[in-house]
Amino acid sequence: MSKLVVLVEDEVNIAEAIRFLLSQEGWRVETLANGAGAADVIRKAAPDLVMLDVMLPGKSGFEILDELRSDPATGDLPVLMLTARGQSRDRAMAEKAGVSRFMTKPFSNAEMLDAVRDLIAS
Amino acid sequence: MRETLTGSRIRERRVMAGLKQAELAQQIGISASYLNLIEHNRRRIGGKLLLNIAQALQVEPQALTEGAEAALIAALREAAGDSGLAGPEAERADEFAGRFPGWAKVLASSQRRIAALEQTVEALSDRLAHDPQLATSMHELLSTAAAIRSTAAILAETDSLQPEWRDRFQANIHQDSRRLSDSAQALVTYFDNAAETREVTHSPQAEVEAFLAAHDYRFEPLEQARAPEEAIAQLVAGAEALKTKAAQHIATGVLQQIARDATALPLVQLEQAVGAQGHDPATLAQALNQPVGRVLRRLASLPDLGAGLVVCDRSGSVTFAKSIEGFTVPRFGACCPLWPLFAVLGQPGLVMKSRVAQMGRGQAQFDAIATCEVQAAPAYNIPPLSQSVMLLLPVPSGTTPAQPVGATCRICPISACRARREPSILRDGI
């Protein structure tokens, strides 16, 4: 059965592009545009990978990551974080919150796909 | 004024040289009591006697008269302190200013420029870290760029892209490219507006002071204006001295206050009252049935009085200063907390009057009259804003003992001060 990724991203056009790219690679993609209920959705879906934007309406990517890491069921889930502010502070916060990998926008499609492959392989 | 300061400078230099009054008097061939009168600024001094005193004290005569001005020396001492110059050489700022007045001015203006630049740097780094508008703009720009980049790459790199996907992505790119140009535009506008704060030759406060001084702190159009807002807008727009937005904003606030004061207490009325009863602010406030704060502000714009005025807000930040020779209001950094201006903060209604002298050079004396006024409450249950006003009236020095105050701790010579925040860069008290 093909792998599942939950993508939490409020920029619809970015979400659409990522969905297309990952589908090409054989992924099933579930997208969410709001942070508020994201942790619950992720828990239910039990995906192989989560892609999280940092700045989301409802709840920030950091808060969602925190919830995932404090739950044993999702504690080890690979999480790839996306941020538009490539500031060292964001990166440091993400690492502290236990992110698996961090990417700054704009990124190339190849970079993003490489990161996804790496996360699944490890 | 100049003579006033000369005597004090002689005294200061003599004490620094470790000479007794009698010793110096003997050296230059005058009586100790006459020297005493000179040192207390009770006798004019010049010519041969001044040269003799300068020689005996081993300083340039200029250092005793006009060459060594308080602000210049203060700036030199600050420069020395900032670059860690210590020891006997650091003590010789006034000698340097006396011997090389031109170079001293160059150094002092560099020092002031550095301070202004540092303030700007701080403001700019602050802006990058905390400005929500900038953060939002950057986020918008980068997000849109990310969407376009991914979508464009899909269109360029995917062989045999299905027509419905292709149409979809083309529409997305079209939409995002418009967003990108909008957010780029917004960012440029933001930086265009921000660019003017980079002109740092003067701080906005300095621009406002220059503007007010050019008008002698009197604005006839506001004295009988029926529509003051219009007159204010005209004055601000037509002022060359007000280069930055910040200065225009501050000046507008100052002029609005002047207009309110002018409506309630026209200068003509004040001048009549001063003619009849003298210029004691409390007496005038009673006679005119006006708040003391207003009387203080209005008195400051009477040219004959030659008074200084300082206004601060609830946080103690100086929001307005009309300079007066002999009383330094630091442009950067915090003021001396001993000023009566701060003593009345939080005690609305109290009017304090005290004789003060700023330590250091000159030691001109002033009658400081200060009061704190509460600004109108904006709504229920909100702590009101307040401001303190202090009028400085020059008085002949020497007669009454004055309370010693400073300008700012870094350049203040009072060694054992209960209000000291940081050590002085001067070695010891004068």
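B:Asp216 is placed in the loop between α11 (204-214) and α12 (220-223) of chain B, where helices (H or I, at least four residues) and strands (E, at least two) are DSSP runs numbered from the N terminus. Although B:Asp216 is not a glycine, its phi is positive, at about 60°. The model is a predicted one, in which local features need pLDDT of at least 70, side-chain atom pairs count only at pLDDT 80 or more, and totals for chains, interfaces and linings use all residues. Residues are numbered from 1 along each chain as its sequence is written, and chains are lettered from A and ligands numbered from 1 in the order in which they are written.

**Backbone features**

- B:Gln58 is exposed, having 9 other C-beta atoms within 10 Å.
- A cis peptide bond, with omega about -5°, joins A:Lys105 and A:Pro106.
- A:Pro106 lies in the loop between β5 (101-104) and α5 (109-121) of chain A.
- Most residues other than glycine have a negative phi, and most peptide bonds are trans.

**Chain B as a whole**

- Chain B contains 18 helices and six strands.
- Of its 430 residues, 35% count as buried.
- Among contacts in chain B between residues at least 6 apart in sequence, 65% join residues at least 24 apart; two residues are in contact if their C-beta atoms, placed from the backbone, lie within 7 Å.

**Nonpolar cores**

- The largest nonpolar core has 70 residues, a core being a set of buried Ala, Val, Leu, Ile, Met, Phe, Trp, Tyr and Cys residues joined through C-beta atoms within 7 Å.
- Helix α14 (residues 245-264) of chain B gives the most to this core, with eight residues.
- The residues with the most contacts inside this core are B:Leu76, B:Leu255, B:Leu296, B:Met390, B:Leu391 and B:Leu392.
- Leaving aside residues up to four places away in sequence, B:Leu392 touches B:Ala307, B:Gly308, B:Ile324, B:Phe327, B:Phe366 and B:Ala368.
- Another core, apart from the largest one, has 43 residues, among them A:Leu7, A:Ile14, A:Phe62 and B:Ala146.

**Interface between chains A and B**

- On chain B, 16 residues are in contact with 16 residues of chain A.
- The elements giving two or more residues to the side of chain B that touches chain A are α9 (132-157) and α10 (163-195) of chain B.
- α9(B) gives the most to that side, with 13 residues.
- The residues of that side divide into nine nonpolar, five polar and two charged; Ala, Val, Leu, Ile, Met, Phe, Trp, Tyr, Cys and Pro count as nonpolar, Asp, Glu, Lys and Arg as charged, and the others, Gly among them, as polar.

**Helix packing in chain A**

- Helix α2 (residues 38-45) and helix α3 (residues 61-70) of chain A pack at an angle of about 40°, with their axes 9 Å apart; axes are lines fitted to C-alpha atoms, for helices over the stretch in contact, and angles run from 0 to 180 degrees between N-to-C directions.
- α2(A) and α3(A) are therefore oblique to each other, since angles under 35 degrees count as roughly parallel, over 145 as roughly antiparallel, 65 to 115 as roughly perpendicular and the rest as oblique.
- A:Ala38, A:Ala39 and A:Ile42 of α2(A) make the contact with A:Ile64, A:Glu67 and A:Leu68 of α3(A).
- By class, the contact of α2(A) with α3(A) has five nonpolar, no polar and one charged residues.

Definitions and conventions:
Buried ≥ 20, exposed ≤ 12 C-beta atoms within 10 Å, placed from the backbone.
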